[in-house]
Amino acid sequence: MGRSFEVRKASMAKTQGAKIKVYSKYGKEIYVCAKNGGSDPDSNLSLRRLIEKAKKDQVPGHVIDKAIDKANGGGGENYEVARYEGFGPGNCAVIVDCLTDNNNRTYMDVRQCFVKNDAKIGSPGAVSHMFEHQAVFQFAGDDEEGVLEALVMADVDVTDIEAEDGVMTVFAPHTEFFKVKNALSDHLGDTPLDLEEITFVPQTNTEVSGEDVERFEKFLDMLNDCDDVQNVYHNAELV
């Protein structure tokens with residue numbers, strides 16, 4: 001699963017777009033999270049996780065502060081969460097998460113990405129059962145038994161641990177995010193966490209090859225160019 005996860009991350013890395021686009025998406029997500037759950041990261045754990053992720057992705061502090069200040073102001077836009085599922089080029093499974101203030105516009109924008117790339121948008125639940133909503137952590141190391149023992153001692157529910165090429169990947173239920181992070185931080189000491197996020201991890205992968213590879217990459221580019229799209233998850237393995 002760890003190697004497959006890296007393949008997915010590598011695919012997504014190609015389509016992150018300009019920094020301003022990334023900043024805008026983080027700003028919107030932080031605003032919604034702070035408005036709905038409170039602007040204090042100590043009491044709003046989802047906001048704390050999001051801020052830490054934004055900083056790791058080198059989002060400037062003023063972008064984060066502006067989004068929180070906007071949420072504190074009580075006005076601003078009313079964004080809703082929208083999720084679309086379907087099958088991308090090569091019949092791979094795709095989940096598209098959005099934040100929108102106009103559901104009709106967002107649906108049409110996402111649908112066009114599917115239609116123009118020989119993909120099919122489906123109904124809610126069409127492919128989400130093929131993914132697990134998990135907390136994922138990666139860091140340098142190879143002591144699988146030591147890490148597992150530390151997590152067990154901290155009473156953490158772990159789904160899987162993998163060690164490959166000097167890189168360890170820990171998978172856990174998304175509800176265990178902070179328990180895993182605290183346990184790993186205590187165990188690893190000065191070793192940094194290279195990846196810490198809550199994401200959709202595919203249970204199996206679908207090979208995408210030939211002309212579908214170029215079509216798939218264009219598909220991801222178009223989705224990431226949509227202003228309302230926040231995250232794209234898939235089970236494609238490019239070959």
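Good morning, colleagues. Please keep in mind throughout that this is a predicted model.

I begin with the annotated region. The UniProt record, an unreviewed entry, places the annotation "domain: TACO1/YebC-like second and third" on residues 79–236. Within that span, 32% is helix and 37% is strand, and its end C-alpha atoms lie 29 Å apart.

I turn now to the interior. In soluble globular proteins, nonpolar side chains tend to be buried together. The largest nonpolar core here comprises 20 residues, and Val96, Val110 and Phe219 have the most contacts inside it. At least two residues of this core come from each of the following elements: strand S1 (80–87), strand S2 (93–100), helix H5 (103–115), helix H8 (211–225) and strand S9 (229–234). The greatest contribution is that of H8, with 5 residues.

What does Val96 touch, if we leave aside residues up to four places away in sequence? Its partners are Ala82, Arg83, Tyr84, Val110, Phe114, Leu223, Val229 and Asn231. There is also a second, separate core of 19 residues, with Tyr23, Leu47, Ile51 and Ala54 among them.

Next, the helix pair. Two packed helices are described by the angle between their axes and the distance between the axes. For H5 and H8, the axes come within 9 Å and cross at roughly 170 degrees. An angle over 145 degrees counts as roughly antiparallel, and H5 and H8 are therefore roughly antiparallel to each other. On the H5 side of the contact we find Val110, Gln112, Cys113 and Phe114, which meet Phe219, Met222 and Leu223 of H8.

Finally, the backbone. Most residues other than glycine have a negative phi, and most peptide bonds are trans. Which value of phi does Gln58 have? It is positive, at about 65 degrees, although Gln58 is not a glycine. Gln58 sits in the loop between helix H3 (45–56) and helix H4 (61–72), and it is exposed, with a relative accessible area of 60%.

Asp155 likewise has a positive phi, near 60 degrees. Its place is the loop that joins helix H6 (144–153) and strand S5 (160–164). Is Asp155 buried or exposed? Asp155 is exposed, its relative accessible area being 59%.

Thank you for your attention.

Terms used:
Residues numbered from 1 in each chain as written. Predicted model: local features only at pLDDT ≥ 70, side-chain atom pairs only at ≥ 80, totals over all residues. Heavy atoms only, no water. Core = buried A, V, L, I, M, F, W, Y, C linked by side-chain atoms within 4.5 Å. Buried < 20%, exposed > 50% of the residue type's maximum accessible area, 1.4 Å probe, protein only. Helix = DSSP H or I, 4+ residues; strand = E, 2+ residues; numbered from the N terminus. Contact = heavy atoms within 4.5 Å. Axes fitted to C-alpha atoms, helices over the stretch in contact; angles between N-to-C directions. Parallel < 35°, antiparallel > 145°, perpendicular 65-115°, else oblique. UniProt positions renumbered as here; feature names shortened; annotations may be inferred.
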